[in-house]
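Hi there,

Here is the structure I promised to pass on.

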2 protein chains.
Amino acid sequence: MAGVVVCHASASVRERIVVTSLGVPLLAPVRAAASADELVVLARRLAPTVVLLDADLPTPGPGEAMRRLAQVAPHAAVVVLAGPDDTESLVRALALGARGFLTPEVNRAELAAVAAHVHAVASMAPATPPPPPREEPRPRETKENEKTQPVLTRRELEVLVGMSNGRSNAQIGQDLYLSEDTVKTHARRLFRKLGASDRAQAVAIGMRRGLIQ
Amino acid sequence: MAGVVVCHASASVRERIVVTSLGVPLLAPVRAAASADELVVLARRLAPTVVLLDADLPTPGPGEAMRRLAQVAPHAAVVVLAGPDDTESLVRALALGARGFLTPEVNRAELAAVAAHVHAVASMAPATPPPPPREEPRPRETKENEKTQPVLTRRELEVLVGMSNGRSNAQIGQDLYLSEDTVKTHARRLFRKLGASDRAQAVAIGMRRGLIQ
DNA sequence: CTCAGCGTCACTCACAAGTGGGACCTGTGC
DNA sequence: GCACAGGTCCCACTTGTGAGTGACGCTGAG
C-alpha cells in the first residue's frame with residue numbers, strides 16, 4: 001500500500017535508488033519512472049506515500065510533474081532530488097510544495113530515513129514530514145499500535161463525510177436513510193478506528209489521511 | 001514577518017546556528033530560545049515560520065514544546081535537531097507533526113534550504129497540501145478579500161487547532177489559560193466566520209483552506 | 001460449521017456543545 | 001474624543017453528542 005516511487009531522467013540514478021532500496025529493511029521496493037508521464041501512471045496505480053522527484057526533470061519539468069501528481073496522488077510527499085548546489089531548483093520545488101530534498105547520490109541510510117517516514121505516515125495520523133532521519137528505526141511497536149492500518153467501511157466513511165459537512169447525526173441518518181441510532185453506531189466505530197475522541201478530531205484525522213477531502 | 005527560531009538546550013548549538021544564519025542570504029537572523037518556555041514566548045511574539053527544535057530538550061521535552069508551540073504559532077513548521085543516531089526522538093517528533101530534521105551540526109547549505117522553505121511558505125498561503133503554483137509573493141489583503149475569505153484572529157485559530165486535536169472547550173481553555181466560556185465565544189465567532197455549523201465542519205473548512213494542518 | 005465483522009436499530013444518561021444575551025477592558029484608527 | 005475590534009468573562013438555555021449497553025440478521029473466511 002504505502003510505497004515509494006522515484007522519478008528521475010537518469011537511468012543510472014533510478015537504478016541505483018531502486019537497487020539500494022532492496023537493501024533497506026521495512027522498505028518496499030522503490031518503483032521507477034523516467035518521466036512525468038510515467039510518474040503519473042505509476043502514482044495513480046500505487047498511490048505512493050513518497051515520491052523522489054528529479055529537480056531537473058526535462059520536458060514537462062518538475063513543477064508540472066508535481067502539479068499532475070497532486071491530481072492523482074494528493075497525499076504523496078514529494079522529496080526533491082537536487083544537487084547540493086542546485087539551490088534554485090530546490091527553492092522552486094519547495095515553493096511548489098515539496099516536503100524535502102535529497103541528493104541523487106542517496107545512500108542506504110537516507111533511504112532508510114524515507115522508509116521511516118513511510119512508516120510514520122502509515123502508522124499515525126498527524127504528520128506532514130519530509131526527508132527524515134538515518135538508520136532504520138521501528139523496532140518496537142506497542143501492541144495497541146495498529147499493525148494494520150484501520151480501514152473504514154463504506155458506511156463509516158459516509159458518516160465521516162457527513163460530519164465534515166456539518167451534518168448532525170440525525171441529518172446524516174436522513175441523508176443515508178438510516179436511523180440516528182445507526183449513525184451513532186457507525187460514528188462510535190469510526191472514532192475508535194481513527195483514534196479520535198470526537199467528530200472534530202475524526203474529521204481532522206480523516207483529512208490528514210486523505211480519507212475525505 | 002517570516003522568521004526562524006532555534007530552541008536548543010545547548011548554548012553552543014544555539015549560538016552556532018544563530019551565527020551561521022547571519023551568513024545565509026534570504027534568511028533573517030535566527031532568534032534563539034533555550035527552553036520550551038522561552039520558545040513559546042518568542043513564538044507568540046514573532047510568529048515564526050520555522051522552528052528548529054532540540055529533539056532532546058530537557059524538562060518540558062520536545063513533545064510538550066511542540067504542543068504548546070502549536071497553540072501560539074499554529075503555522076510554524078517544526079524542524080527537529082537530532083543526532084544522526086537518535087532515530088527514536090526523531091520518529092517521535094515526526095509522529096507529533098515535525099516537518100523535517102537536521103543535525104545540530106547544521107551547515108550553511110542546510111540553513112539555506114531552511115531559508116528556501118521560509119520563503120516558500122511566506123510567499124504562499126500557509127497551505128501544505130495543495131501548493132498553488134504562484135510566483136506572486138504577497139496576495140495583498142484587501143477588504144474584498146476579507147469579505148470573501150474571513151480571516152481568523154490568533155485566538156480563533158488557536159481554538160480551531162485545539163478542536164482539530166480533539167480537545168474539548170474546557171481543555172482548550174486550560175491549554176490557553178482561558179475560561180471555557182471564552183473558548184466558547186471564540187468558537188462561536190470562528191463558526192460564523194467560516195460558515196460552519198459545528199466544530200467538525202469548522203475543522204474541515206479550516207483544513208481545506210489551509211488554516212490548520 | 002463457527003466466528004468475526006458489518007449493518008441495522010433500540011435504550012439510557014451525563015455532559016459537552018451551541019446559542020442567545022450582556023459586560024468590561026485594551027488597543028488602534030479616525 | 002469617538003467608534004470599533006479583539007479579548008476576556010459571565011449567565012441561562014436547548015440541543016446534540018458520546019459512552020455504555022444489548023440485540024438481530026447477514027456474509028465471508030477459516
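A word on terms before the fold: helices (at least four residues) and strands (at least two) are DSSP runs, numbered from the N terminus. Please also keep in mind that this is a predicted model.

**Chain A**

With those terms, the order of elements along chain A reads β-α-β-α-β-α-β-α-β-α-α-α-α-α. That comes to 9 helices and 5 strands. Of the 213 residues in chain A, 48% are buried. Among its contacts between residues at least 6 apart in sequence, 61% join residues at least 24 apart.

How far does the confidence go here? The mean pLDDT of chain A is 70, and 63% of its residues reach 70 or more. Residues 117-149 of chain A have a pLDDT below 50, although this stretch still has 88 contacts in the model beyond near neighbours in sequence. Where pLDDT is low, the predicted coordinates should not be read in detail.

One residue to look up in this chain is A:Ala93, which lies in helix 4 (residues 87-95) of chain A. Is A:Ala93 buried or exposed? A:Ala93 has 29 other C-beta atoms within 10 Å, so A:Ala93 counts as buried, the cut-off being 20 or more. A:Val79 is 14 residues away from A:Ala93 along the chain, and their C-alpha atoms are separated by 9.0 Å.

**The DNA strands**

Helix 9 of chain B gives the most, with 5 residues. By class, the surface near DNA strand C has 4 nonpolar, 8 polar and 8 charged residues.

DNA strand D also has 20 residues around it, of which A:Ser168, A:Asn169, A:Asp198, B:Thr153 and B:Leu178 come nearest. Two or more residues of the surface near DNA strand D are given by helix 7 (169-176) and helix 8 of chain A, together with helix 7 and helix 9 of chain B. Which element supplies the largest share of the surface near DNA strand D? That is helix 8 of chain A, with 5 residues. The surface near DNA strand D divides into 4 nonpolar, 8 polar and 8 charged residues.

**Chain B**

Helix 9 of chain B holds B:Val183. B:Val183 is buried because 25 other C-beta atoms lie within 10 Å. Apart from its neighbours within four places in sequence, B:Val183 is in contact with B:Val159, B:Asn169, B:Ile172, B:Gly173 and B:Leu178.

Finally, a helix pair. Helix 7 (residues 154-164) of chain B packs against helix 10 (residues 199-208) of chain B at an angle of about 110°, with their axes 10 Å apart. The two helices are therefore roughly perpendicular. B:Leu160, B:Met163 and B:Ser164 of helix 7 make this contact with B:Arg199, B:Ala202, B:Val203 and B:Gly206 of helix 10. By class, the residues of this contact are 4 nonpolar, 2 polar and 1 charged.

Best wishes

Key. Residues are numbered from 1 along each chain as its sequence is written. Chains are lettered from A and ligands numbered from 1 in the order in which they are written. This is a predicted model: local features need pLDDT of at least 70, side-chain atom pairs count only at pLDDT 80 or more; totals for chains, interfaces and linings use all residues. Axes are lines fitted to C-alpha atoms, for helices over the stretch in contact, and angles run from 0 to 180 degrees between N-to-C directions. Angles under 35 degrees count as roughly parallel, over 145 as roughly antiparallel, 65 to 115 as roughly perpendicular and the rest as oblique. Two residues are in contact if their C-beta atoms, placed from the backbone, lie within 7 Å. Ala, Val, Leu, Ile, Met, Phe, Trp, Tyr, Cys and Pro count as nonpolar, Asp, Glu, Lys and Arg as charged, and the others, Gly among them, as polar. pLDDT is the predictor's confidence in each residue, from 0 to 100. A residue is buried if 20 or more other C-beta atoms lie within 10 Å of its own, exposed if 12 or fewer, and partly exposed in between; C-beta atoms are placed from the backbone. A residue is near a molecule or strand if its C-beta atom, placed from the backbone, lies within 6 Å of it.
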